[in-house]
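Please keep the sequence and the structure in view while working through the numbered points.

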Amino acid sequence: MSNARRSSESTYAVNDLICAMTGHRDTGYYSGMATVSADVNGSTVVDHQDIEVIVKFDGTNYSTINIYWEEHGYKNYRALGLYGQMSTQYQEVFFVPPRGLKIQGSPYVVRFQYKPE
């Protein structure tokens, strides 16, 4: 799959999540607490932790996912091989119903489900 197509499909996945959370297709932002898990090089480094996550569509071609690791006890998240901000321009993203995403980078996979409101 081409990078442009993968990026576009990933952006749609983030938009599907925003719509699932807000009930509106034209909303470009959602913030809330989520249950987050992350694997790096096939090993679990974060397992079902409650962490704030913000997803945002930039209004053009890409979406960003911000995970607030530091504020929730993961001050060394970079040493674990994780990133605080991810983008559909660089990472592959999949919508995981009912309220979540799977973000695939190299060498990590981050999964989260927003908590019900």
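1. Does Tyr114 count as buried or exposed? Tyr114 counts as buried, because its relative accessibility is 1%. Here buried means under 20% relative accessible area, exposed means over 50%, and partly exposed lies in between, with a 1.4 Å probe and protein chains only.

2. The model is predicted, so local features need pLDDT of at least 70 and side-chain atom pairs count only at pLDDT 80 or more, while totals for chains, interfaces and linings use all residues. Residues are numbered from 1 along each chain as its sequence is written, and side-chain values use heavy atoms, with hydrogens and water left out.

3. Tyr114 also belongs to a group of rings. Four aromatic pairs are found in a search of the whole structure. The rings of Tyr30 and Tyr114 form an edge-to-face pair, because their centres are 4.8 Å apart and their planes lie at 80 degrees. Rings of Phe, Tyr and Trp (its six-membered ring) pair if their centres lie within 6.5 Å; planes under 30 degrees apart count as stacked, over 60 as edge-to-face and the rest as tilted. This pair links distant parts of the chain, since Tyr30 is in strand S1 and Tyr114 is in strand S7, 84 residues apart. The rings of Phe112 and Tyr114 are also edge-to-face, with centres 5.3 Å apart and planes at 80 degrees. Tyr30 is buried at a relative accessible area of 10%, and Phe112 is buried at 2%.

4. Helices (H or I, at least four residues) and strands (E, at least two) are DSSP runs, numbered from the N terminus. Helix H1 covers residues 3–22, and its 20 residues reach 29 Å from first C-alpha to last, close to the expected 28 Å. That expected span is 1.5 Å times one less than the number of residues. Among the buried residues of H1 are Ser7, Val14, Leu17 and Met21. Just after H1, Gly23 takes a positive phi of about 80 degrees.

5. Which residues does Asn15 contact, leaving aside its neighbours within four places in sequence? They are Arg25, Phe57 and Ser63, where contact means heavy atoms within 4.5 Å. Asn15 is in helix H1 and counts as buried because its relative accessible area is 16%.

6. The largest nonpolar core has 28 residues, of which Val55, Ile65, Trp69 and Phe112 touch the most other members. Such a core is a set of buried Ala, Val, Leu, Ile, Met, Phe, Trp, Tyr and Cys residues joined through side-chain atoms within 4.5 Å. H1, S1, S2, S3, S6 and S7 each supply at least two residues of this core. In soluble globular proteins, nonpolar side chains tend to be buried together.

7. Four of the five residues of S3 are buried. S2 and S3 run antiparallel and are joined by five bridges; two strands pair if DSSP finds at least two bridges between them. Ile65, in S3, is the bridge partner of Val55. S2 and S3 form a hairpin with five residues between them, and Gly59 in the turn has a positive phi of about 90 degrees. S3 also pairs with strand S4 (residues 85–87) in the antiparallel sense, over three bridges. Gln85, in S4, is the bridge partner of Asn66.
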